[in-house]
Structure formats: structure tokens, C-alpha cells
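Please examine the structure shown below, together with its sequence. The paragraphs that follow lead from the contacts between chains to the elements within them.

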Amino acid sequence: MNVYTADLLETIRRTSPLIHNITNYVVMNSSANILLAAGASPVMAHCQAEVEEMVSFAGALVLNIGTLQEDWVASMILAAKAANQKGIPVVLDPVGSGATRLRTEAVKRILRESRVTVLRGNASEIFSLQSADVKTKGVDSSLDFSDEMIEAAKAMASDLQCVVAISGAVDCITDGARVFRVANGHPLMTKVTGMGCGLSSIVGAFCAVDPSDPAKATAAAFGYYGLCGDLAVKVSDTPGSFAVAFVDQLYMVGRSEITQLLKLKQSA
Amino acid sequence: MNVYTADLLETIRRTSPLIHNITNYVVMNSSANILLAAGASPVMAHCQAEVEEMVSFAGALVLNIGTLQEDWVASMILAAKAANQKGIPVVLDPVGSGATRLRTEAVKRILRESRVTVLRGNASEIFSLQSADVKTKGVDSSLDFSDEMIEAAKAMASDLQCVVAISGAVDCITDGARVFRVANGHPLMTKVTGMGCGLSSIVGAFCAVDPSDPAKATAAAFGYYGLCGDLAVKVSDTPGSFAVAFVDQLYMVGRSEITQLLKLKQSA
Amino acid sequence: MNVYTADLLETIRRTSPLIHNITNYVVMNSSANILLAAGASPVMAHCQAEVEEMVSFAGALVLNIGTLQEDWVASMILAAKAANQKGIPVVLDPVGSGATRLRTEAVKRILRESRVTVLRGNASEIFSLQSADVKTKGVDSSLDFSDEMIEAAKAMASDLQCVVAISGAVDCITDGARVFRVANGHPLMTKVTGMGCGLSSIVGAFCAVDPSDPAKATAAAFGYYGLCGDLAVKVSDTPGSFAVAFVDQLYMVGRSEITQLLKLKQSA
């Protein structure tokens, strides 16, 4: 996985895939900077009149339902259908799903009306889309995953026919068959807004350069991103300067750091 | 007041109250980071279809009329009524009130149709809501407050039955009876966008953990926030790195700095 | 040009002209901070109900079509007409023009229905508005300008009766008669989102303090902005901390740096 992750990152830097984001107002700037620092080309465009055209230039589409308005859901579905037709990966970040009906229903509708390649969120967001047998409490990304939760994630991935990627102290990425676990990343990342949303955009960039195996590409994205957090916290352990150092690390990290420091394991 | 301020800050850090912001596009990211650094949990949500549900999880609601659109006012009033019913504090930041009719009217409508707990702005914004006998000139936050202005603020607080909190070289917070004055803070804070808006969000966090005395909690919020500015300017006196250092200070400042460096006085 | 540039910058710092931006969500925060650091006063306001009133206080209007929605075009035209009537400069940044019909048509409509003072973008955006004889490939701001492209820019400026300002490795600013070339600036600026948009806002500030010669004022703005990039990259050559250092430089740079380090030439 380490060589694979380094290879994908180098491909991103060499080919600068255009990542089309329909994302929330809070993170439009930070997600663009995160993509640029990694070597990708971001574009933010949400108007129904242009999303299909914009997708035609893109290597991946990233949908994010933070600060949602109803008419944006229609744009997301239009864009996702165009991405499906073109055959590029679609990443969906269900920000706040489970908190309000608007958000939960929006995610369900997008999943119903288009094909999503990767669903990335924290445990409570992801399992809010599941039936009632998995109980979740609020937006808590700090919990470690029980075997029961991993089985639920696998079942969900099989059911939705997409990669399910859950951020946590140890991240869990599964396509229903394989499970990847990533132990990189630092709790200070939860003290900076938009870090999860930025990860979803980076997942888009990694999937854009290896659309043939989105589960593996997503795990690589998580590893790279978490590793940048690990390294940034050594520069600063307070959130303002940590956020700055994190973007610097996204730009600087290369093959040698990835080879030595990635904590990414695949299990059956 | 110093012990009280330190106590509230520790309560915010221990309980992470959810602060629901309906705020302007310019500051959504910075206000979220400011709340996170202080220890609170931010959420940004403005859609009429979800604001009432979101308020049901919140410890305070913060309304901010920058980059206003007409349909957002309806969302703000829906959210404020839900907050009133739930009994949580509502902070209103009248950004640009007095500059355009849209803004002045929006603030007046929110004040008329819901109960606002704290109205926080600079002098020209606040007094634009007053009758014509207090003349104001533009958006000037640097002026010190005359006795006449403090009397006008007290009258306004009594009249509106809310806390009136005015940012300036020395800040003035009043509930019509008591007046708190805060001498912390630095002029460089006016060279970073969204510093006033971020303060309104922090006022929300402090009021969330002491809803019983919003005037006192607001004064504590001003003291803490200004103190972080005082300390950040010692790290850097240029606005880019000052803004980063300010967020670091919000995260680092604790009981000892507050006890020693707060310049907060209550007068009759 | 060096003394002129330093003079305009000092006038901005002394008079703090209000720059009214109708700009995209990605850069609202960064453009506001860029204007503040330079010494200007930013306001972001896009609602049709207030843009004309807001223009009445402004020294320049900056329009930017990133993250475009259809109803924003009407606001931009309303604001531009008010600016025309008042006689203040209008800067138009055609972000993504050429990529989608929505954007290209929006720029053409604004140019048709109002008088634009300065059109600032990269080569592909600018020439997307030209007839088919200038072929452009994607959004590539790194190419140096051929003599043929400079002639095309001059023809366009004469045709549109506005200043055409094209960002590139060497920037080119022309009013159809004179050509200014600016060799300041650094490739790392393309790794931070919103740097071009921020420049358009700074062009607004420079034109606000010398509306009599917008081509010359625009060239001065490009020189100052690029010089801040040159100096910031000496502080840090990674994008997170570079972006912070850049804002610091906007605040710090003064007459001595401008006099010594500006690479700005005028040709016939």
C-alpha cells in the first residue's frame, strides 16, 4: 500500500486532475487550498446551468451537503448523473446526515438517483443512513470501531454498492469485501473546520488517478491525509498554526515520508 | 469577573456547546475555527427546512446579517423563534446596519418578531437602530464612547429588553442597568476580516454556558476575546500571521492569563 | 512607475477607499483580508435589494463570476450601472469564462449592459471572449505572451473600450494604446486559491485612488501584488505559510521595497 499511495500522489502532482466540488460555503476556500497543495486542480461550481458542462472536464466529482439548500440537491444529482455517464468517480460527504431530515433525505435521494463511488463521513453520519439497528449518538468522530460496526459498514457497502469510508481514531474503508484501516491522523484535526470535507476532496483526487480501484485509492488518500496531520502537529500543536502547517505538509510530503510513516493495513 | 470568565471558558471546553450560526459567507470558515479553538462546537445551517431542527440541538443561536439575502431573514426569524421557545440565548450581529435599508430593516424585523438576547456590533451599526437623536458617521469602530453614548446604549438595552454590546477601543456592554467596560483588544484586529463576527459567535458560546446572566457572560466573552488579541499581537503584528496566532491564543489562553490580564470593569 | 505605485499605495492606506465586491464564495474571506492588509475597506454585498445603495459609498466596484448563480448576474449589472452613473471604476474578473457557457455568456452580458473599466483574468479566460481566431487551451496562466497575443489584447481593449489585464509569468496590461508588462510574482501564487481574485480586488483599490488612468493604476496594482508574492516566497516556499506571509507582505511593503524591486515596464 505504501508504494501504491506514493505512486498515486505522484500521479496527482504530475497530471493535476480537475476535481469538481459542489460543497458547502464553510469549506470552499479550505478544500480548494487542500486540493491545490496536494497537486490537484479544484473547481467549485454548483449552478444547475453549468454543472454538467463542468463535469465534462473533471477527473472526479465531490458532493458535500453542508450548509445545504434544497436547490443544490438537484444540482448535485445532475452533476452526479453526468459523472456516471462519463465514468468518473463520485465522492459523497454526508455532512450532518442524521442531524436533520433535510440532510438525511438529501443523501438518500442522491444515493437513489445516481451512483456514488465513495461515501465518506464519520460514524454517526454514515450510520444515519442505515436501518435502525445501528444506533448512533450525535456527530462523534472520536470513537474507535467495534467489530460490529465494521460488519455494519461492510454490509452497507455491499448494499449500496459503493465504498464506505468512515473517519475515526482509526479510519475504516471498505467495499464490502476488503477492509482497509488507517491509523494515521491526529485529534487536533477535529479542532480545525473543514478537515473532513477536505479529506473527501482528496479522496476525489486519488480516485481520479485510479478509478479502477476506488476502495484502495480511498485508503491511500486517508493514509496520505492522516500522515500530513501527524507531521503538521510536530510543527505546531495549536489549531491556527497547525492548519497552516497541514497545508504545507500536503505540499511537501513525498515518497520517503509515505514509505516510512504510513499506518495503513488491509484485512479481509 | 476574572474568575467568572475563566470558569465560563472552562465550562465551554468541558461541555462543547453546539453554537448554531446563521451567518454571512465571508466569515463562515473563520467563525467556525474561532468557535472550535475556544472549545465550542459550531454548526452553520441556514435553510428554512432545517433551522428549527438544528436549533433543537444547540446551546445558542447566532444571527449575522452580512452578505444578506432576503430569504435568509425568514430563516433567521424561524430559528430565533425556535430558540426562544427552547429558552436558549440568541445573539444578533447587525453587520452593516445603517449602511443599506435592506440591512437596517432586517435587523428591525428580527428584533420585532423574535426575542434577541444580545445585540452586538460597532457603534454605528447599533445606533443605526436608534431614533435620530444619536447621530453616527459610517462604520467606525475606533471611537471611544462618550458618556452620552453609554447612556444611549443603556436606554436602548432597556427599550429592546436585551443586552447591547458595542465593540470599540474600549468595549461597552450593558443590560440597561449594569455597564461592563472591556479594555482588552488591539487595533490590528480591525485589519482581519470577520473578527467582529467571530466575537458574536464567541458571545453565543459564553451565553450558552451561562444563560442566566447574558450581560455578564457577554462581558466575559469580550474580555477573553480581546485578551487573545492582546497576546496574539505579541506573536505577530502583521495581519496574516496575527490572524493565525489569534486562533492559537483562543485555544491556549487559560485561567492564569485571564486572571492576570483581563481588563474588565463593571460600573453601575 | 515605481514612485507612482508607491504614491497610490500610500493614498489607499491614508484614505481607505471602500471597495464593493460582488464575488464568489471561495474567495470572499481571502479577498476581504487582502484588501484590509493593503489598507482598503472591503464590503461584500450581492443582494439586488442593496447593491445600488452600497455602490453609493464605494470607491470602486469589483465583479467576479466564480461560483456563479444566474440571479447574481442581474445584481452585478445593477451594481455596475450604479457605478457607471456615479463615475467609479468597475473591475470584472471573468473566472472560468470559456469553461462553461453560463460563465462566458455572463461576462458578455455584463460587458454589453454596463461599462467595465478593467477586465482582469488569465489568458484563456480573457481570450474566450474574443472571436475564434485566438485559440486558447484551458485555464493556463503560466504561458508567456507572444507578440501575437499582446496584439490581440490591444485589439480587445480598443474594441471593448476598457483596460485588458492578463495575468501570466509576465503580466500584460493594456488600454489599446499603451502596454504595461509586470515581471513580479511567483509560480507558488498559483498554488493558493483566490490569488487572482484577490488581485482583481486590489486593482479595484488602485483604480479607486486614481480613476483618471485605470491602465496605469492597474499596472501599479499588479506590480505591488506580484512584489508581495516575491517577498513572501522568501519567508516560505510552501503554500500554507506562503499564503499567510503574502498577507503580511501586503501590509508591510512600502515605498522602499517598491522603489527597489518593482519590475514594471511600459512600452508603446
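In this predicted model, 23 residues of chain A are in contact with 24 residues of chain B, two residues being in contact if their C-beta atoms, placed from the backbone, lie within 7 Å. The elements that contribute two or more residues to the side of chain A that touches chain B are α2, α5 (101-113) and α10 of chain A; here helices (H or I, at least four residues) and strands (E, at least two) are DSSP runs, numbered from the N terminus. With four residues, α10(A) gives the most to this side. By class, the side of chain A that touches chain B has nine nonpolar, 10 polar and four charged residues, where Ala, Val, Leu, Ile, Met, Phe, Trp, Tyr, Cys and Pro count as nonpolar, Asp, Glu, Lys and Arg as charged, and the others, Gly among them, as polar.

Residues are numbered from 1 along each chain as its sequence is written, while chains are lettered from A and ligands numbered from 1 in the order in which they are written. Because the model is predicted, local features need pLDDT of at least 70 and side-chain atom pairs count only at pLDDT 80 or more, whereas totals for chains, interfaces and linings use all residues.

The contact between chain A and chain C takes 24 residues from chain A and 23 residues from chain C. On the side of chain A that touches chain C, at least two residues each come from α2 (28-38), β2 (41-44), α3 (51-55) and α10 (239-252) of chain A. The largest share, seven residues, is that of α10(A). This side of chain A comprises 18 nonpolar, three polar and three charged residues.

What angle do the axes of α10(A) and α10(C) make where they cross? The axes of α10(A) and helix α10 (residues 239-252) of chain C come within 6 Å and cross at roughly 130°; axes are lines fitted to C-alpha atoms, for helices over the stretch in contact, and angles run from 0 to 180 degrees between N-to-C directions. That makes α10(A) oblique to α10(C), since angles under 35 degrees count as roughly parallel, over 145 as roughly antiparallel, 65 to 115 as roughly perpendicular and the rest as oblique. From α10(A), V244(A), A245(A), F246(A), V247(A), D248(A) and Y251(A) take part, and from α10(C), P239(C), G240(C), S241(C) and V244(C). Seven residues of this helix contact are nonpolar, two are polar and one is charged.

Within chain A, α2(A) is mostly covered, with 11 of its 11 residues buried; a residue is buried if 20 or more other C-beta atoms lie within 10 Å of its own, exposed if 12 or fewer, and partly exposed in between, with C-beta atoms placed from the backbone. Among the buried residues of α2(A) are M28(A), I34(A), L35(A) and L36(A). Just after α2(A), G39(A) takes a positive phi of about 115°.

Elsewhere in chain A, the axes of helix α1 (residues 2-15) and helix α8 (residues 195-209) come within 9 Å and cross at roughly 90°. The helices α1(A) and α8(A) are therefore roughly perpendicular to each other. L8(A), T11(A), I12(A) and T15(A) of α1(A) meet A205(A), F206(A) and V209(A) of α8(A).

Chain C contains an open sheet of nine strands in the order β2-β1-β3-β4-β5-β6-β7-β8-β9, with mixed pairing; two strands pair if DSSP finds at least two bridges between them. At the edges stand β2 (41-44) and β9 (264-267) of chain C, each with a single partner strand, so one side of each is left without a neighbour in the sheet. The twist averages 20° from one strand to the next.
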